[in-house]
Amino acid sequence: MTQQPLKVAVIGAGPAGIYASDILVKKTGGNVQIDLIEQMPAPFGLIRYGVAPDHPRIKGIINSLHRVLDTEQIRLLSNINVGRDVTVSELEEYYDAIVFATGAVGDLGMQIPGSDLEGIHGAGEFVGFYDGNPRFERSWDLSATDVAVIGVGNVGLDVARILAKTGDELKESTEIPDNVYESLAKNQATTVRVFGRRGPAQAKFTPLELKELDHSPTINVVVDPEDIDYDEASLKAREEAKSCDLVCQTLEGYAIREPKDAPHTLQIHLFEQPVEFIGENGKVTAVKTERTALNGDGSVSGTGKFTEWPAQAVYLAVGYRSDAIEGVPFNKQKNVINNDGGHVVDLDGEVVPGLYTTGWIKRGPVGLIGNTKSDATETIGMLLADAEAGNLSHSREEDIVELFESKGLEHLTWEGWKKLDAAERALGEAEGRERKKFVEWEEMVNHSRG
């Protein structure tokens with residue numbers, strides 16, 4: 001390691017970028033200067049804008065991320081869009097290495113007949129709305145009485161749960177802004193159906209998320225006993241993973257119990273593969289599914305039995321998609337930065353010196369926040385090995401802030417976030433809540449300025 005501190009830019013101040021920065025500081029003994037560059041006015045990425053507002057337990061992770069950002073070797077520079085405001089080639093002049101940790105916020109679609117009908121949404125669009133992300137819609141049409149959610153992962157569960165709760169229930173205990181409450185207060189949904197094409201052992205819920213569904217007095221969770229089925233591979237999956245077994249146990253419990261008296265029914269349908277969205281006058285009215293059956297190896301095949309389920313709104317929770325960054329090799333098939341596990345590589349497989357990637361932009365939108373730490377450890381290990389081997393070019397001495405100022409760009413800082421944080425907490429306190437989010441971009445910038 002050189003005597004001079006390593007200068008590193010980490011692009012993206014979500015969990016992936018913050019964990020990578022933390023590991024860099026620890027592994028170098030503090031002999032590093034990190035600029036954490038974030039396009040939003042506020043840090044924390046997925047934790048602030050991807051976690052359902054009624055999950056304060058997960059949002060508690062922000063407290064540990066706060067401690068990392070208080071580290072003197074880490075400087076937050078937010079409100080800067082890499083690829084638009086500054087180019088990657090410009091950044092390369094100022095840093096020894098650049099780590100891309102920009103995550104995934106776009107929605108993967110479904111290519112089946114009727115997927116272009118009005119009323120069909122990517123789940124990520126709705127998450128962006130209810131989490132008060134300034135880049136998403138400010139209001140949402142919730143007039144549908146029958147709603148379908150496609151996908152049996154935690155995002156699908158979050159969307160279904162938010163749609164099956166009342167606006168007042170959410171306002172009492174969460175940080176939702178006024179515009180989100182106003183839409184949720186008009187929610188007409190009485191039946192929310194969640195569809196998965198495989199069985200209980202293949203569902204991607206985490207056990208706690210699935211169990212928490214039943215904590216709301218407004219939700220009656222239903223599973224058809226016919227949807228509880230296992231083949232040899234499913235039974236093996238239960239034996240090998242406690243989390244899988246707990247999910248199966250919870251689904252079995254929902255299937256055998258007496259119905260709960262509640263205004264909203266949330267039914268989880270397994271072994272139902274959506275094959276078509278049906279509509280009238282350009283608007284979705286139903287989801288057509290084909291019944292599936294297990295093949296013995298955990299996979300399923302269609303049985304030829306079709307059902308139409310009423311739905312005036314459909315949410316596709318089938319996966320997120322990362323966006324390419326101008327100047328960085330991107331794999332369009334996998335929607336990730338082209339990489340070898342940490343290094344950015346070009347389309348011929350050659351390492352691009354000084355460029356690295358971690359998190360969902362590296363491996364796709366899979367795994368939990370805990371996986372992000374091990375992912376960052378792998379990437380930072382490669383970066384430090386390259387530094388030790390003398391494979392990193394030394395950067396210029398000037399501060400990147402000079403470049404921002406020359407371009408007329410206003411960047412926000414960690415101290416600015418603390419001002420915004422205090423303003424949101426004060427806003428929430430006036431209503432007996434911990435926080436209430438600001439949702440307009442300029443409003444966030446103004447409070448960050450103080």
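Domain bounds here come from an automatic or database domain assignment. The model is predicted: local features need pLDDT of at least 70, side-chain atom pairs count only at pLDDT 80 or more, and totals for chains, interfaces and linings use all residues. Residues are numbered from 1 along each chain as its sequence is written, and side-chain values use heavy atoms, with hydrogens and water left out.

**View 1. Two domains of the chain.** Domain 1 covers 4-103 + 321-409, and domain 2 covers 106-317. Their centres, taken over C-alpha atoms, lie 33 Å apart. In contact (heavy atoms within 4.5 Å) are 16 residues of domain 1 and 23 residues of domain 2.

**View 2. The area buried between domain 1 and domain 2.** Buried area is the accessible area (1.4 Å probe) that two parts lose on being put together, summed over both. Here the value is about 1600 Å², with 51% from carbon and sulfur atoms. Y49, P53 and R321 supply 37% of what domain 1 buries against domain 2, more than any other three residues.

**View 3. The salt bridge of D54 and K165.** A salt bridge puts a side-chain nitrogen of Lys or Arg within 4 Å of a carboxyl oxygen of Asp or Glu. The D54 and K165 side chains meet at 2.8 Å, N to O. Between domain 1 and domain 2 the count is 2 salt bridges.

**View 4. T372 in helix α14.** Helices are DSSP runs (H or I, at least four residues), numbered from the N terminus. Helix α14 spans residues 369-388. Neighbours within four places in sequence aside, T372 contacts P15, A16, Y19 and R363.

Notes
Helices (H or I, at least four residues) and strands (E, at least two) are DSSP runs, numbered from the N terminus.
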